[in-house]
Amino acid sequence: MPPLTFNRMVRRSAISSINAYQRYLSPRKGFACPHRVLHQSESCSEYVKQTLSRQGLFAAIQAAPERFQACGSAATALRVNGTRQQGGCIVIPCCIPI
């Protein structure tokens with residue numbers, strides 16, 4: 001087995017962190033990913049995790065801001081359409097202007 005490079009080690013740590021978020025925090029936060037709700041697709045955390053797995057750390061870093069912007073737009077669209085999301089985005093970067 002080849003030794004872990006710094007990039008692979010960071011990528012594995014990021015995926016493990018996302019797994020922990022999905023398992024322990026996300027179910028308890030009181031609202032769902034707006035992008036997932038609006039588009040009936042994967043959540044932002046799953047999108048970033050899959051990008052990390054398939055394309056690597058740098059691709060995920062580049063893709064995440066665009067996805068979070070799309071998620072912020074989805075949250076706005078859901079509010080306009082009257083879809084109630086309990087709690088709103090508190091921690092998720094989709095609500096931070098990028």
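I searched the whole structure for salt bridges, meaning a side-chain nitrogen of Lys or Arg within 4 Å of a carboxyl oxygen of Asp or Glu, and the search found one. I note that this is a predicted model, in which local features need pLDDT of at least 70 and side-chain atom pairs count only at pLDDT 80 or more, while totals for chains, interfaces and linings use all residues. I number residues from 1 along each chain as its sequence is written, and the side-chain values use heavy atoms, with hydrogens and water left out.

**The salt bridge**

I looked up the partners and found that the side chains of K49 and E46 meet at 3.5 Å, N to O. Both K49 and E46 lie in helix α3, three residues apart, about one turn of the helix; helices here are DSSP runs of H or I, at least four residues, numbered from the N terminus. K49 counts as buried because its relative accessibility is 13%, whereas E46, at 21%, counts as partly exposed. For these words I used relative accessible area with a 1.4 Å probe and protein chains only: buried is under 20%, exposed is over 50%, and partly exposed is in between.

**α3 against α4**

I then followed α3 (residues 44-55) to α4 (residues 57-80), and found that their axes come within 9 Å and cross at roughly 160 degrees. Axes are lines fitted to C-alpha atoms, for helices over the stretch in contact, and angles run from 0 to 180 degrees between N-to-C directions. The pair α3 and α4 is therefore roughly antiparallel, a term for angles over 145 degrees, with under 35 roughly parallel, 65 to 115 roughly perpendicular and the rest oblique. Among the α3 residues that meet α4 I listed Y47, V48 and L52, and the α4 side includes A60, R67 and F68; contact means heavy atoms within 4.5 Å.

**α1 against α3**

I turned to helix α1 (residues 6-25), which packs with α3 at an angle of about 155 degrees, the axes being 10 Å apart. So α1 and α3 are also roughly antiparallel to each other.

**Q50**

Last, I checked Q50, which is found in helix α3. Leaving out residues up to four places away in sequence, Q50 touches E42 and Q55. The C-alpha atoms of Q50 and A60 are separated by 8.6 Å, with the two residues 10 apart along the chain.

Key: Helices (H or I, at least four residues) and strands (E, at least two) are DSSP runs, numbered from the N terminus.
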